[in-house]
Amino acid sequence: MDLTVKDGKIESANFDYINKDGKLKSEDAEYNKKYKEISKIDVPELKEIFSEELVQTQNPEAIDNVAGATESLVQFKLLSKEAIIASESGVPEPVKIDL
């Protein structure tokens, strides 16, 4: 989760998963094919929806669920909250949490 915050307002958000090889899951065609078969949406679509809603609402809790992606939304909300806290606290380095 990368957030760009200016004057206390989220200007942009970028959410993605990293696989065991350190690569972005949004760029893994095979993973996204399987994810879409199960969830009816792939990671690039999902991350765009969540990120846009976070910028619009400025509140992770206000983001609507996407059918088939409930666990991803739970993780997105946790990451968003931690990123917001880090931003408000002036933490310059990445914050890591276990999901």
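How many of the 99 residues of the protein chain count as buried, as a percentage? The figure is 34%, where buried means under 20% relative accessible area, exposed over 50% and partly exposed in between (1.4 Å probe, protein chains only).

This is a predicted model, in which local features need pLDDT of at least 70, side-chain atom pairs count only at pLDDT 80 or more, and totals for chains, interfaces and linings use all residues. Residues are numbered from 1 along each chain as its sequence is written, and side-chain values use heavy atoms, with hydrogens and water left out.

**Whole chain**

Start with a cartoon view of the protein chain. Three helices and two strands are there, in the order β-β-α-α-α along the sequence. Helices (H or I, at least four residues) and strands (E, at least two) are DSSP runs, numbered from the N terminus. The radius of gyration, taken over C-alpha atoms, is 14 Å, close to the 13 Å that the globule rule gives for 99 residues, so the protein chain is as compact as a globular protein of that length. That rule is 2.2 Å times the number of residues to the power 0.38. Switch to the C-alpha trace: along its principal axes it spans about 40 × 30 × 20 Å.

**Lys-36 and Glu-45**

Next, select Lys-36 and Glu-45. These two form a salt bridge, with the closest N and O atoms 3.5 Å apart. A salt bridge is a side-chain nitrogen of Lys or Arg within 4 Å of a carboxyl oxygen of Asp or Glu. Both partners are partly exposed: Glu-45 has a relative accessible area of 32% and Lys-36 one of 36%. The whole structure holds four salt bridges.

Now select Lys-77 and Glu-61, whose side chains meet in a salt bridge at 3.8 Å, N to O. This pair links distant parts of the chain: Lys-77 lies in helix α3 (residues 70-89) and Glu-61 in the loop between α2 (43-57) and α3, 16 residues apart. Lys-77 counts as buried at 16% relative accessibility, whereas Glu-61 is partly exposed at 43%.

The side chains of Glu-61 and Lys-81 meet in a salt bridge at 2.4 Å, N to O. Lys-81 is partly exposed, with a relative accessible area of 35%. Salt bridges that share partners join Glu-61, Lys-77 and Lys-81 into one network.
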